[in-house]
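The tour below moves from strand to strand, and each stop begins with something to select.

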Amino acid sequence: MKSGNVLEGRLNVGEAEIRYQILRRDPMLVYLHGLGTNNTALGHQIRHMNKLGAGSLAPDQRGHGFSTRFPSANQYSLDSFVNDLEHLVGSHALGKFSIIGHSIGAMIALKYASLHPESVESLVL
């Protein structure tokens, strides 16, 4: 997904380090990949929308890509994924944004949107 002004970052959320890529633009699109993949899984969609002028935030979910992997399954709850997203979005003060979620990314998007409807412009699941 590297191109232009895409920045790579990392954010510590408790014991997890969440790695991500971000391109700050408006409108902002948050991409949540599915189980067993990483933030490059939606790379074609991200690059296409970036070319059209949209921004992007694409984390590697905990246990995926370059983010922290845990030996215990109880550290991969839906609540922990949503908590990671809350911290990531908060650290960048995104305001309103749209979420594109695939597989478990869609489940995370739905739960996040139900908890923070004021922040979510739209969902693509």
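Begin by selecting residues 7–13 and 16–23, which are strands S1 and S2, running antiparallel and joined by 7 bridges. Strands here are DSSP runs of E with at least two residues, helices are runs of H or I with at least four residues, and both are numbered from the N terminus; two strands count as paired if DSSP finds at least two bridges between them. This is a predicted model, in which local features need pLDDT of at least 70 and side-chain atom pairs count only at pLDDT 80 or more, whereas totals for chains, interfaces and linings use all residues. Residues are numbered from 1 along each chain as its sequence is written, and side-chain values use heavy atoms, with hydrogens and water left out.

Within this pair, show Arg 10, whose bridge partner in S2 is Arg 19, and then Leu 11, which stands opposite Ile 18. S1 and S2 form a hairpin with 2 residues between them, and in the turn Gly 14 has a positive phi of about 60°.

Next, select residues 55–59, strand S4, which pairs with S2 in the antiparallel sense over 4 bridges; here Tyr 20 stands opposite Pro 59. Because 5 of the 5 residues of S4 are buried (under 20% relative accessible area, with over 50% being exposed and partly exposed in between, for a 1.4 Å probe and protein chains only), the strand is largely enclosed by the rest of the structure. Both of its faces are covered, with Gly 55, Leu 57 and Pro 59 buried on one side and Ser 56 and Ala 58 buried on the other.

Now show the whole sheet: 6 strands form an open sheet with mixed pairing, in the order S1-S2-S4-S3-S5-S6. S1 and S6 (120–124) stand at the edges with a single partner strand each, so one side of each is left without a neighbour in the sheet.

Finally, select residues 78–92, helix H2, which packs on the sheet and touches S1, S2, S3, S4 and S5 (97–101), contact meaning heavy atoms within 4.5 Å. The direction of H2 makes about 125° with that of S1, where axes are lines fitted to C-alpha atoms, for helices over the stretch in contact, and angles run from 0 to 180 degrees between N-to-C directions.
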